[in-house]
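Colleague: I am new to this one. Please walk me through how you reach your labels.

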Amino acid sequence: MIFWILLALMTGVAALSVLVPLARAGQPASGSTGGADEAVYKEQLTAIDTELERGLIEPDAAEAARTEIARRLLAAHDKSEQRFRMRTSGLRMKTAQAFALAALPLVALATYFTLGSPDEPDQPLIARLIAPAEGQSVDVLIARVERHLAENPEDGQGWEVIAPVYLSRGQPEASARAYANAIRILGPRPDWLTDMGEALTMANQGLVTANARQAFERAASMEPTAVKPRFFLAIALGQEGNTQAAVQAWESLLEGADETAPWVAAAKQQLAGLQQGENALRGPSQQDIEATQEMSAEDRQEMIRGMVSGLAERLSQEGGSAAEWNRLMQAYVVLGERQKAEETLAAAQAAYAENPADLSLIKDTASALGLSGS
Amino acid sequence: MIVELGHYALVLAFALTLVQCFLPLWGALTGDDRLMAVAPPVSVTLFMLIMISFVALTIAYLTSDFSVLNVVQNSHSAKPFIYKFTGVWGNHEGSMLLWVLILVFFGALVGVFGGNLPKDLKAATLAVQAWVTGGFILFLLATSNPFARVANPPLEGADLNPILQDIGLAIHPPLLYVGYVGFSITFSFAVAALILGRTDAAWARWVRPWTLLAWCFLTLGIAMGSYWAYYELGWGGWWFWDPVENASFMPWLAGTALLHSAIVMEKREALKIWTVLLAIFTFSLSLLGTFLVRSGVLTSVHAFATDPARGVFILGLLVFFIGGSLALYAWRAPMLKQGGLFAPISREGGLVLNNLFLTAACAAVFVGTLYPLALDAVTGEKISVGAPFFNLTFGPLMIPLLLAVPFGPILAWKRGDLLAASQRLYVAFGLALVFTLFTFWLWGMEKVLAPLGVGLAVWVMAGAVSEIVTRVKFFEIGPKRGFARLVGLPGSAWGTVVAHFGVGVTVLGIVTASAFQEERIETMRPGDTVEVSGYQVTFDGAAPRRGPNYVEEVGHFTIRQGGVLVTELDPSKRVYTARQMPTTEAGIHTIGFSQIYLSMGESRGDGAIDVRVYFKPLITLIWIGCVIMSLGAVFSMADRRLRIGAPKPASRRKTAQPAAAE
């Protein structure tokens with residue numbers, strides 16, 4: 001409402017600035033237009049007198065200038081006498097008034113309604129960030145915590161709160177950084193270290209990097225019975241090709257483990273894969289899939305990624321069957337990584353260029369998955 | 001609400017310019033006092049409305065209101081406060097709004113302080129100004145609305161172009177715009193005079209303060225822009241003949257010519273046709289500059305967003321205003337009466353010479369700027385016209401002009417005596433000779449032109465001073481009366497002296513900084529020392545640092561002279577995180593009028609880094625000279641004679657009134 005009042009007020013002031021001078025009727029037609037020119041020339045004449053007095057100009061030059069200016073003065077005087085003057089005409093007045101009263105608001109409002117968004121409120125960032133948390137988008141809430149942390153970077157609890165949020169939103173790098181900050185400020189805690197390692201692993205498409213491994217090792221050393229860090233450490237050993245140590249790690253992990261625990265099946269499957277040798281098709285078994293249902297979302301995603309990246313690496317280095325290539329494409333499509341799926345398709349097509357039967361198999365799968373193959 | 005109020009104020013201002021375009025002009029042509037009386041109050045209302053609009057946009061920037069598209073595209077919540085503020089005009093839409101703000105500001109100035117103007121001229125001038133304003137508001141609303149909203153506001157903006165994140169941006173564009181756009185008012189005066197057939201000596205007098213004001217700001221704006229480029233771009237140069245620089249330099253040259261020819265028109269009523277044409281040309285060049293910069297024809301720091309639709313629109317405005325005013329000129333000019341006559345050797349002759357050289361120089365810059373563009377458009381061939389072209393064309397034109405500068409103010413009006421004038425300049429000539437020989441003695445014959453350049457600069461400076469000293473016959477009447485006479489001289493006389501002296505100072509800076517600078521480009525490791533002009537510059541190492549919205553690699557350098565510590569400098573290379581854009585921050589230390597300039601280049605790994613080290617003798621004189629020049633304009637504006645017919649204080653009005661009514 002205030003907005004419309006202010007709009008009306010501005011329009012009113014604008015219209016008045018036209019109407020008021022128009023309405024000042026009866027004002028004497030003072031200050032003939034010639035007056036202004038004449039004033040200038042008269043002043044020029046006095047200026048010459050002053051200059052002459054001060055000796056800045058030679059007397060004969062002064063005389064010549066005076067004649068010239070006097071001639072101009074006379075011309076200006078004549079002109080102002082002759083200047084055509086008309087009285088204010090009623091028609092002109094009415095046109096002008098109509099212009100100010102009608103055309104002005106009409107043009108302004110019509111243009112504004114075409115271009116403006118009167119219902120759109122201001123949204124200063126601060127106001128958006130301090131508004132009640134209910135009904136706010138997660139983005140706003142995250143931005144709010146981020147702002148808080150930018151101002152108070154030593155707030156360990158803040159980092160702890162935001163770290164898992166980042167992970168669940170698919171920002172593992174940010175999550176790992178947040179965990180690292182929480183650990184730096186509040187000291188190491190095994191679950192943070194584990195989650196940081198997991199975030200780092202996710203950030204590297206399932207590869208347990210040296211940093212991640214270090215985090216898991218620290219977590220394991222602080223809490224030797226914890227399963228999760230040891231689980232990832234075993235995966236790391238397998239990824240490094242240290243099959244023997246990996247088998248040992250899985251065995252010790254499974255030893256005395258509660259058979260019903262969701263991770264056990266996955267661990268067994270990993271172990272079996274290692275024992276069968278590297279060429280075995282490392283796909284998830286039914287049990288694995290069931291196990292993953294019970295795992296947390298992150299664990300599940302991690303497991304799938306770990307397997308996919310293992311397969312991708314092997315296929316790219318050693319090659320494989322058409323079925324394996326197809327499976328990798330499928331996996332990427334399921335994970336939503338179409339780009340990688342397309343790359344896989346291209347690689348598979350290259351690998352089977354001389355084998356029309358397998359090539360058509362790959363092409364069929366690709367077209368079923370909706371991959372372009374270009 | 002604030003944003004939308006700003007938007008409405010802009011739209012309302014557009015509607016109001018439509019009123020202002022027609023009513024006062026109609027009044028001026030029919031002699032209707034009441035219609036003419038509309039112009040001044042409306043000019044003030046227009047200013048207020050655009051001000052509301054500008055403030056609204058500023059508030060959106062300061063509060064990081066990302067529901068405004070323009071803020072999203074050009075701001076970032078982590079940006080320091082000052083750059084949130086300057087960011088308002090650090091982009092296309094905002095800077096065009098500033099353009100319009102300055103247009104209406106000059107309109108309002110004439111509306112409020114133009115009391116000495118005849119009503120019809122004032123009304124017509126304000127109407128023409130409203131045409132220009134209306135054109136630009138239409139441009140804003142149609143192609144680059146700063147108040148466009150975003151339905152789902154993001155939480156962060158794209159940040160401001162990092163090169164523009166500098167205190168220079170706070171000062172350079174507003175100054176430049178006040179100058180650039182300020183010439184719109186002389187344009188409006190010229191067109192109004194043509195419409196009303198009122199081109200006479202009095203007109204020149206009325207226009208002079210406005211020309212001076214615009215010229216003063218344009219001078220400062222160009223100088224500021226030059227200094228900014230000098231320390232921000234890290235190339236060590238202060239003028240690059242970049243098309244964008246030329247775009248602001250051309251109106252300056254034309255404006256300077258206008259300033260001088262208007263004097264002839266005012267004093268002798270000669271050069272009327274030419275002066276009016278110059279007034280039109282000066283603003284046309286400003287418009288052309290805007291077109292070049294904004295249409296995307298030129299790509300540079302200034303081409304914030306290039307959009308063909310905008311280019312076509314500005315081209316349309318350009319054709320309308322320049323074409324319209326020149327058509328009007330072609331129709332009216334033959335009706336103008338010839339003014340006073342003068343001999344070639346006279347003050348008028350000197351000013352004509354000045355105009356000749358300045359416009360020729362302007363034409364040279366024009367050709368150098370537009371020829372490559374035209375060639376590219378016609379044949380697709382890309383050529384680059386750089387400093388060599390301008391040095392060969394602009395330079396030779398400036399030398400005779402500078403040689404003639406001291407003569408101009410000394411020659412008498414109408415018929416001058418060159419011999420007598422020379423006699424009054426023998427001291428200046430002697431000083432120039434002494435300095436030339438001294439420079440030769442100091443530097444030997446290796447640089448022949450530089451000592452001559454120094455002599456030229458001294459000639460201009462000493463010439464300016466000796467003009468005023470001989471004018472009051474200082475040494476003939478004794479210092480006591482001499483000082484009294486100096487103080488009593490009109491402001492415009494002082495303005496001439498100060499401005500011409502400033503020209504000399506700038507020339508001196510240009511000559512010494514270009515001819516005698518020492519430059520070393522080295523790959524330095526921590527602990528390395530290079531020697532430049534007797535200063536030992538030691539690189540102590542570089543370290544990363546984090547700013548509010550950038551990260552930088554800061555080098556630390558110690559500068560010693562003969563083992564004595566002079567200063568420590570920390571130049572840096574920044575990367576602005578939001579746009580991943582690198583910039584250079586030069587390290588500059590001023591010694592007297594000279595500067596040591598350090599700029600960091602590529603990092604070579606293992607702590608080694610490319611460093612450019614310059615010693616630039618007397619370089620600050622370039623900008624100091626510009627400041628002195630604009631000070632000259634201030635002196636000239638303070639001339640009480642410019643306020644003739646201005647509303648007088650109440651006590652004096654009684655006596656003044658009958659005089660005016662005679």
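Modeller: We start with exposure: buried means under 20% relative accessible area, exposed over 50%, partly exposed in between (1.4 Å probe, protein chains only). This is a predicted model, where local features need pLDDT of at least 70 and side-chain atom pairs count only at pLDDT 80 or more. Residues are numbered from 1 along each chain as its sequence is written.

Colleague: Why is I167(B) called partly exposed?

Modeller: Its relative accessibility is 43%, so I167(B) counts as partly exposed. I167(B) lies in helix α8 of chain B. Helices (H or I, at least four residues) and strands (E, at least two) are DSSP runs, numbered from the N terminus.

Colleague: What makes the nonpolar surface patch?

Modeller: F81(B), I82(B), F85(B), I167(B) and I171(B) make it, at about 440 Å². α5(B) gives the most, with three residues. Patch residues have over 30% relative accessible area and no salt bridge; nonpolar side chains (Val, Leu, Ile, Met, Phe, Trp, Tyr) are joined within 5 Å. A salt bridge is a side-chain nitrogen of Lys or Arg within 4 Å of a carboxyl oxygen of Asp or Glu.

Colleague: What makes strand β10 of chain B mostly covered?

Modeller: Eight of the nine residues in β10(B), 608–616, are buried.

Colleague: How do you know that β9(B) and β10(B) pair?

Modeller: Two strands pair if DSSP finds at least two bridges between them. β9(B), residues 594–605, and β10(B) have eight, in the antiparallel sense. L598(B) stands opposite V613(B) there.

Colleague: Which residue in β10(B) stands opposite E519(B)?

Modeller: Y614(B). Strand β1 of chain B, residues 518–524, pairs with β10(B) over seven bridges, also antiparallel.

How values were computed: Chains lettered and ligands numbered in written order. Heavy atoms only, no water. Patch = residues over 30% accessible without salt bridge, like charges linked within 9 Å, V, L, I, M, F, W, Y side chains within 5 Å. Areas by Shrake-Rupley, 256 points an atom, 1.4 Å probe, with all protein chains shown as cover.
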